[in-house]
Amino acid sequence: MVKKRIIVTGGLGFIGSNLIHLLLKKKFQVINIDKISYSSNFYNTKEYKNNKNYRFIKCDLNNKNKLQKIIDKFKPLAIFNLAAETHVDRSIDGPENFIKSNILGVFTLLEVFKKFSKKNSKSKLIHISTDEVYGDILKGRSVEDYPYKPSSPYAASKASSDHLVYSYVRTYKIPAIITNCSNNYGPKQHPEKLLPKLIYNIINNKNLPIYGKGLNSREWIYVTDHCEALIKIFQKGKIGNFYNIGSNINKTNMEMTKSLLKIAKKIIKIGKNVKIKFVKDRPGHDVRYALNSKKIIKEIKWKPKISLSNGMNLTFKWYLNNQKYFSSIKIKEATKRIGLRK
């Protein structure tokens, strides 16, 4: 029987490791390519590291020769490209890594996939991007052909990669699809991001730092719902199309923090130092992101299944039951304030 092989790039990260878990449950053989950066974590793959259908290979996307050999050897049905630098604050402090990974890395992947797809036309490249490429959406919700107006070096690097992928579809006819997703949350997310940082501080009796007045609004989706959407897009999506993936649920950072505190109080005793503390806002901080996801709902027949309250409850319990996760990373580096314009 021919193996249903899939390559996931960035599979030691948050979304990538959750996607691999779901692909293995669906009986795919998965090759995880990751360069092993600060946000890569082998803790994320421990429950399936010995699965006969899983294999890890250390490789930077910018290593063209090694990447070519891996793809030619395994001949995947699809490549899900999740390898990226993703933290806005880090992109403010040091944009160079974002250019190298998110633009040059994608360029190298496209060059390799262009050559590979000439002989393997049924293979697909699914390029995973973000709602941040659209910039501030003060009213309404952005559709797939909404203008790109990124505000941070991170968002600009992802916008650049999206444009590169689409240009290769148009010019070289490569079989690729681009997805733009809203804020993910759930197990295995690095605590430089809002929810896991808050959860770590709640568990460890520390204050809860909130940027500005906490009024910035984001659309929140549980990571498993996002991963289900990616697999459906691989199976049913149209080549050359963009697909927004969102929950249609917007909450401010303050609303998310208060909801998380309510959940935590039902599960553990909260320490006296667990209090909201407003800190200096991020430079260029977008006020609101919001996606219109009607296209994927109509064309792909996908919709999110996990409610925000249920998802946040699952997330808090995962971190509470997996506190070794925090000891597997440099927690002081992850939770300290960065991203202030110097």
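The expected span of a helix is 1.5 Å times one less than its number of residues. In the predicted model described here, helix α1 covers residues 14–25 and has twelve residues. From its first C-alpha to its last, α1 reaches 17 Å, close to the 16 Å expected at 1.5 Å a residue. Ten of the twelve residues of α1 are buried, and the helix is therefore largely enclosed by the rest of the structure. The buried positions are F14, I15, G16, S17, N18, L19, I20, L22, L23 and L24. The elements that cover these buried residues include the strands β1 (5–9), β2 (29–34), β3 (54–58), β4 (78–81) and β7, together with helix α7 (223–236). Just after α1, K27 adopts a positive phi of about 70°.

Strand β7, which is among the elements covering the buried residues of α1, comprises residues 183–185 and includes N183. Along the chain, N183 and T130 are 53 residues apart, while their C-alpha atoms are separated by 8.1 Å. When neighbours within four places in sequence are left aside, N183 is in contact with D131, R218, E219, W220 and I221.

Attention now turns to the packing of helices. Two packed helices are described by the angle between their axes and the distance between the axes. For helix α4 (residues 96–119) and helix α5 (residues 153–172), the axes come within 8 Å and cross at roughly 15°. Angles under 35 degrees count as roughly parallel, and α4 and α5 are therefore roughly parallel to each other. Their crossing is right-handed. On the α4 side, the contact is made by F98, N102, I103, V106, F107, L110, E111 and K114. The residues contributed by α5 are Y154, S157, K158, S160, S161, L164, V165, Y168 and Y172. By class, the residues of this contact divide into ten nonpolar, four polar and three charged.

Helix α4 also contains T108. With a relative accessibility of 9%, T108 counts as buried, because the cut-off for burial is under 20%. Apart from neighbours within four places in sequence, T108 is in contact with L61, N62 and K64.

The crossing of α8 with α10 is right-handed. The contact is made by M256, S259, L260, I263, A264 and I267 of α8, and by L308, S309, M312, N313, F316, K317 and L320 of α10. In the contact of α8 with α10, nine residues are nonpolar, three are polar and one is charged.

In sequence, V88 and E192 are 104 residues apart; in space, the distance between them is 10.0 Å, C-alpha to C-alpha. Leaving aside neighbours within four places in sequence, V88 is in contact with E132, S152, Y154 and R282. Among these partners, Y154 also belongs to the α5 side of the contact between α4 and α5.

Terms used. Residues are numbered from 1 along each chain as its sequence is written. This is a predicted model: local features need pLDDT of at least 70, side-chain atom pairs count only at pLDDT 80 or more; totals for chains, interfaces and linings use all residues. Side-chain values use heavy atoms; hydrogens and water are left out. Axes are lines fitted to C-alpha atoms, for helices over the stretch in contact, and angles run from 0 to 180 degrees between N-to-C directions. Helices (H or I, at least four residues) and strands (E, at least two) are DSSP runs, numbered from the N terminus. Angles under 35 degrees count as roughly parallel, over 145 as roughly antiparallel, 65 to 115 as roughly perpendicular and the rest as oblique. A crossing is left-handed if the near helix is turned anticlockwise from the far one by less than a right angle, and right-handed if clockwise. Contact means heavy atoms within 4.5 Å. Ala, Val, Leu, Ile, Met, Phe, Trp, Tyr, Cys and Pro count as nonpolar, Asp, Glu, Lys and Arg as charged, and the others, Gly among them, as polar. Buried means under 20% relative accessible area, exposed over 50%, partly exposed in between (1.4 Å probe, protein chains only).
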